[in-house]
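Biologist: I would like to learn how to read a structure of this kind, one feature at a time. Could you show me the general idea each time and then the case at hand?

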Amino acid sequence: MTTFSELGLSAKVLAAVEATGYTQPTPIQAEAIPHALQRRDVLGIAQTGTGKTASFVLPMLTMLEKGRARARMPRTLIIEPTRELAAQVEESFKRYGHDQRINVALLIGGMSFDEQEKKLDRGCDVLIATPGRLLDHFERGKLLLTGVEVLVIDEADRMLDMGFIPDIERICKLLPFTRQTLFFSATMPAEITKLTEQFLQNPVRVEVAKPASAALTVEQRLVASGSKDYDKRSRLRELLRANPDVANAIIFCNRKRDVATLFRSLEKHGFSAGALHGDMDQRARMTMLHNFREDKLQLLVASDVAARGLDIPAVSHVFNFDVPIHAEDYVHRIGRTGRAGRSGKAFTLVTKQDSKHLDAITKLIGTEIEWLDGDLSTVVTSESEGDGEERRGRRSRGEGEKNGRNRRSGRSRKSSNEDEKAETPIAAATEEIQEDEVETILEPVTSFESENSQASNVRSSNGSRSSRNTSGRGGRGSQNARGRTSGRDEHTPVGFGDDIPAFMLIATNA
Ligand code: AMP
């Protein structure tokens, strides 16, 4: 069994590792560190959670002990696809390099150029950057890349997804040919292979965990759902309430705007939730992440881009609000739980529209994922809806009829194109009302542990643990939902009969 002391790391770095409490290198560390220290190019095929950050930070710290940085000429450069990842790598340098005089500069969007320039002027040993901001500084003439001895490209496949490959190519061409390159990617699509062929020289290939094996510690379930967004939101709430072991969870959406909508909805329904998406400014993202890490928020609704590679050690659950479009993202998402040998659970909401993407995931991970409580055949088209609306079969009994009526009235003016509608404030308001209608009848029904669990032990947004909290919701939606025809007053619009667009019934302050 390899130990850290066998890897060739400096005494200072070994002491820092020991102080961190790590007793043994992870496989990517054991394999990549000796090659990195021998100044070989490394192609590391590893995903987050494998300890890959330390596999480049530790040898870099060892190598940087000799030599000094010059103004505007960083000695090493690390490219990260997202600001959060860049900030996390900076944290790693602080953690492992606190005993060393290493200057680290972070060049990420959303932060002031001036501060970043000052750091560059002072000279930095390590420059951690997202591609866009790095090139901005370069174009302003504030940065010389000709002194870079080591280049790290992290999460290359994510760079590809985000359209950063042309930037990466450009950056690579600005660096000295003699540099060492440490290149990491969880997967190796053709474009990434091409990039490595172009910019790595005779690399050592280190492959630690195929994406398929990432899922082993994670208990996965598919959850059949109606395909409308409000069906999915209520199905999600149902799951959250039925699983009291949700200590904290990341809920992934495919689209940024859905992150915002779902976050608002969860908050409204009394859950302790935060959101993370690319449009938030950096400070808001960091605060959100900090609160989630510190357990001040139970649920984090996130897009793939924002959540990629986040180091949040103990997430008990992952919920895929949408089946990811890229199969690899499924592996990355569920890799947020079940980390470092812990067990985790991942639920994926699946609608009838998702079969193509679900097939791709099954193919990638090489195994069928079990359904939680019935596959898509239990989601039936309700005749009472009359417009193709889907509802789970078992819910069409009992109170379901009431819901069917409510929902139909709420949907009266709704376009079939949910995505387009959700982009306008009016559509968002309409959505909220419909959601409240659904809320009136759905009960928690399912759990990994117990099919009959009615548990609703979910932290409320003020941090306390409370039972199901629907009464405290703003009266706006629920009032409208229930009083659409009977609750007419002098403000009710006329000329629509019973078919008033839901948004026109929202009380305003005017
Ligand atoms: P990463 O894959 O770099 O995101 O690291 C995943 C997690 O593993 C982080 O929380 C690290 O702090 C932790 N970690 C890294 N190396 C080790 C190690 N040798 N032993 C235990 N945990 C580690």
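**Reading the model step by step**

Modeller: Helices (H or I, at least four residues) and strands (E, at least two) are DSSP runs, numbered from the N terminus. This is a predicted model, in which local features need pLDDT of at least 70 and side-chain atom pairs count only at pLDDT 80 or more, while totals for chains, interfaces and linings use all residues. Residues are numbered from 1 along each chain as its sequence is written, and side-chain values use heavy atoms, with hydrogens and water left out.

Biologist: How many helices and strands does the protein chain have?

Modeller: The protein chain has 20 helices and 17 strands.

Biologist: Which residues of helix 6 are buried, and what do they pack against?

Modeller: Buried means under 20% relative accessible area, exposed over 50%, and partly exposed in between, with a 1.4 Å probe and protein chains only. In helix 6, the buried residues are P131, R133, L134, L135 and H137. Contact means heavy atoms within 4.5 Å, and the buried residues of helix 6 pack against several elements, among them strand 2, strand 3 (104-107), helix 5 and helix 8 (165-174). For the protein chain as a whole, buried residues make up 56% of the 510 residues. Of its contacts with a separation of 6 or more, 74% are between residues 24 or more positions apart.

Biologist: How should I read a salt bridge, and how many does a search of the whole structure find?

Modeller: A salt bridge is a side-chain nitrogen of Lys or Arg within 4 Å of a carboxyl oxygen of Asp or Glu. A search of the whole structure finds 21 salt bridges. In one of them the side chains of E149 and R75 meet, at 3.8 Å from N to O. E149 lies in the loop between helix 6 (131-139) and strand 5 (150-153), and R75 in the loop between helix 3 (52-64) and strand 2 (76-79), so the pair ties together parts that are 74 residues apart in sequence. E149 counts as partly exposed at 35% relative accessibility, whereas R75 is buried, with a relative accessible area of 5%.

Biologist: Where in the chain do E117 and R140 lie?

Modeller: E117 is in helix 5 (residues 113-122) and R140 in the loop between helix 6 and strand 5, 23 residues apart, and the pair links distant parts of the chain. Their side chains meet in a salt bridge at 3.0 Å, N to O. E117 is buried, with a relative accessible area of 13%, while R140 is partly exposed at 44%.

Biologist: Which residues are the closest to the ligand?

Modeller: A residue is near a molecule or strand if one of its heavy atoms lies within 4 Å of it. Here 15 residues surround the ligand, and the closest are Y22, Q29, G49, G51 and T53. A polar contact is a pair of N or O atoms within 3.5 Å; within protein, one must be able to donate a hydrogen and the other to accept it, and residues adjacent in sequence count only if both atoms are side-chain atoms. A nitrogen atom of the ligand is 2.7 Å from an N or O atom in the side chain of Q29, and an oxygen atom of the ligand is 3.3 Å from a polar backbone atom of K52.

Biologist: Is S316 buried or exposed, and what does its side chain reach?

Modeller: S316 counts as buried, at 17% relative accessibility, and lies in the loop between helix 14 (304-307) and strand 12 (317-320). The side chain of S316 reaches the backbone nitrogen of A247 at 2.9 Å. Leaving aside neighbours within four places in sequence, S316 is in contact with residues including D245, N248 and T337.
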